[in-house]
Amino acid sequence: MTAVALVFAGLAALLHVYIWVMESLTWTSPKTRATFGTSAEEAEATKELAYNQGFYNLFLAVVTAIGIGLIAADHDDVGAALVFTGAGSMVAAGLVLLLSSPDKARAALTQLTFPAIAVVLLAVSKFVE
């Protein structure tokens, strides 16, 4: 079960790297603006905020990836702590988005589904041990 949890944690990390790319590197591009539903003017006005927010997503992905690597290297306790921190923060951020902007429910659920599955499966695997 731990392996399946780590697959979902890895998918969550990859998704958050992709979000970082969109928010920090391509925020004003037509494709990213279409994804987030922003006009050229809105994207230009918010690009500094999006740049910063994108790095939060990247850092969560990095923490999660390091945790996966540590579990793979048999450092289970530290690795699990990092996966719980990174993926759990992804879930929390998705819930904040869902509760603060219900019109963005699809984006929030996309953001939180993989990490939520990872957290639940990893927690269950820790209790089963």
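Is Ser125 buried or exposed? Hi everyone, let me start there. Ser125 has a relative accessibility of 6%, and the cut-off for buried is under 20%, so Ser125 counts as buried. Please keep in mind that this is a predicted model.

Where does Ser125 sit? It is part of helix H5. Its C-alpha is 5.8 Å from the C-alpha of Met1, although 124 residues separate Ser125 and Met1 in sequence. Met1 itself belongs to the segment before helix H1, which covers residues 2-25.

Together with Val120, Val124 and Val128, Met1 makes a nonpolar surface patch of about 370 Å².

Now to the charged side chains. Side chains of opposite charge can pair when their charged atoms come close. How many salt bridges does a search of the whole structure find? The count is two.

One joins Lys47 and Glu44, with 2.7 Å from N to O. Both residues are in helix H3, residues 40-72, and they are three residues apart, about one turn of the helix. Lys47 has a relative accessibility of 38%, so it counts as partly exposed. Glu44, with 43%, is partly exposed too.

The other salt bridge pairs Asp103 with Lys104, and here the closest N and O atoms are 3.6 Å apart. Asp103 counts as exposed because its relative accessibility is 65%, while Lys104, at 38%, is partly exposed.

Last stop, the largest pocket. Rolling a probe the size of a water molecule over the atoms shows where empty space is left. How much space lies in the largest pocket? About 870 Å³. Its lining has 26 residues, and those nearest the centre are Glu23, Phe36, Gln53, Leu97 and Gln111. The elements giving two or more residues to this lining are H1, helix H2 (30-36), H3, helix H4 (76-100) and helix H5 (105-128).

Which element gives the largest share of the lining? That is H3, with eight residues. H3 is also the helix that holds Lys47 and Glu44.

Technical notes. Residues are numbered from 1 along each chain as its sequence is written. This is a predicted model: local features need pLDDT of at least 70, side-chain atom pairs count only at pLDDT 80 or more; totals for chains, interfaces and linings use all residues. Side-chain values use heavy atoms; hydrogens and water are left out. Patches are made of residues with over 30% relative accessible area and no salt bridge: like charges are joined within 9 Å, nonpolar side chains (Val, Leu, Ile, Met, Phe, Trp, Tyr) within 5 Å. Accessible areas come from the Shrake-Rupley method with a 1.4 Å probe; for residues, only the protein chains shown count as cover. A salt bridge is a side-chain nitrogen of Lys or Arg within 4 Å of a carboxyl oxygen of Asp or Glu. Helices (H or I, at least four residues) and strands (E, at least two) are DSSP runs, numbered from the N terminus. Buried means under 20% relative accessible area, exposed over 50%, partly exposed in between (1.4 Å probe, protein chains only). On a 1 Å grid over the protein atoms alone, a cavity is a set of points where a 1.4 Å probe fits but cannot get out, and a pocket is an open set with protein on both sides within 12 Å along at least five of seven lines; lining residues have an atom within 4 Å of a point. Grid points are joined across faces, edges and corners, and a volume is the space filled by probe spheres set on the points.
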